[in-house]
Amino acid sequence: PEPMVELSSEPEFEPGLEPAAEPIVESPVVIEPERERPSPDEAAPDDSDTAAVELIWALPPAASGPGLVILSDSGKLDETSRHVVERLSNAGFLTLGVEVPGLGDGADSQSVGMAIDAAIGRILRHPVIRGDEVGLVGFGLGAGAALWYSTIDTRVTAVVSFAGRMPWRDVLAQYEKSNADYLGHYGALDPSVDPQFATDLE
């Protein structure tokens, strides 16, 4: 699929949108991954592995909706994460904000991949999910992790990247293996964005 990258100096979200409902907050939660994909070439760890993470859920106004997993720049859940989760649920998605421990603080791709895999498994088991595929929405390092992870998990069929940059210097996203469509938003004046990274994605 053809990715699309937009360069813009304007903010992507307009303030003032009221959420459809208060999100359900679970903290902390132990998720047992259904399938673990630390890398395309490594065997999955023992099934006894679990990932302890915090989650923020928000249900769509309708009886069901497609699933989205939200990944923040720091890997932590904050007010921005809450706002994004609420806004996207109001647009009709079953939305899950997930903590990714260590993202930006030296966590390797295996542990980050396990956390994302666990979150996807959890959202696909939710009773109001529509379909058996999910989208990833990421910011900064979270977007970079989403871009990479989409290339090793065919359940991911869409990725939206806001100023995405790869968390690891030695890990490359092999987009030819992906089952996803891509939309990238990169600020022309954002000093944290590597213009070459955006060009390569396009």
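Q: Which β-α-β unit do β4, helix α1 and β5 make, a right-handed or a left-handed one?
A: A crossover is called right-handed if, with the strands pointing away from the viewer, the path from the first strand over the helix to the second runs clockwise. By that test β4, helix α1 (residues 79-90) and β5 make a right-handed β-α-β unit. Helices (H or I, at least four residues) and strands (E, at least two) are DSSP runs, numbered from the N terminus.

Q: What kind of model is this, and how are residues numbered?
A: Residues are numbered from 1 along each chain as its sequence is written, and the model is a predicted one, in which local features need pLDDT of at least 70, side-chain atom pairs count only at pLDDT 80 or more, and totals for chains, interfaces and linings use all residues. Side-chain values use heavy atoms, with hydrogens and water left out.

Q: Where in the chain is confidence lowest, and where is it highest?
A: pLDDT is the predictor's confidence in each residue, from 0 to 100. The chain averages 75, and 71% of its residues score at least 70. Strand β2 (residues 24-31) has the lowest confidence, with a mean of 40, and strand β7 (residues 156-162) the highest, at 95. Over residues 2-51 the pLDDT stays under 50, and for this stretch the model has 106 contacts beyond four places in sequence. A contact means heavy atoms within 4.5 Å.

Q: How many helices and strands does the chain have, and what pattern does the chain follow?
A: The chain has four helices and eight strands. Along the sequence they follow the pattern β-β-β-β-α-β-α-β-α-β-β-α. Of the contacts with a separation of 6 or more, 71% are between residues 24 or more positions apart.

Q: Which strands does β4 pair with?
A: Two strands pair if DSSP finds at least two bridges between them. Strand β4 (residues 65-71) is parallel to β6, joined by six bridges, and G65 stands opposite I129 in β6. β4 also pairs with β5 in the parallel sense, over four bridges, with I70 opposite G97 in β5.

Q: Which strand is reached from β6 through α3?
A: β6 and β7 pair in the parallel sense over six bridges, and L136 has V159 in β7 as its bridge partner. The chain crosses from β6 through α3 to β7, and this β-α-β crossover is right-handed.

Q: How many residues of strand β5 are buried, and on which faces?
A: Buried means under 20% relative accessible area, exposed over 50%, and partly exposed in between (1.4 Å probe, protein chains only). In a regular strand the side chains alternate between the two faces of the sheet. Five of the five residues of β5 (residues 94-98) are buried, so the strand is largely enclosed by the rest of the structure. L94, L96 and V98 lie on one side and T95 and G97 on the other, and both faces are covered.

Q: How many residues of helix α3 are buried?
A: Nine of the nine residues of α3 (residues 141-149) are buried, so this helix is largely enclosed by the rest of the structure. Among them are L141, L147, W148 and Y149. In the chain, buried residues make up 49% of the 202 residues.

Q: Is V171 buried or exposed, and what is it in contact with?
A: V171 is found in the loop between β7 and β8 (181-186), and V171 is buried, with a relative accessible area of 16%. Leaving aside neighbours within four places in sequence, V171 is in contact with S109, W148 and M166. The C-alpha atoms of V171 and W148 are separated by 8.2 Å, though these residues are 23 apart along the chain.

Q: Which residue does the side chain of D153 join in a polar contact?
A: A polar contact is a pair of N or O atoms within 3.5 Å; within protein, one must be able to donate a hydrogen and the other to accept it, and residues adjacent in sequence count only if both atoms are side-chain atoms. The side chains of D153 and R155 are joined by one of 2.7 Å. D153 is in the loop between α3 and β7 and is buried, with a relative accessible area of 1%.

Q: Where does H126 lie, and which residues is it in contact with?
A: H126 lies in the loop between α2 (109-124) and β6 (129-139). H126 is buried, with a relative accessible area of 18%. Beyond its neighbours within four places in sequence, H126 is in contact with W57, L59 and L94.
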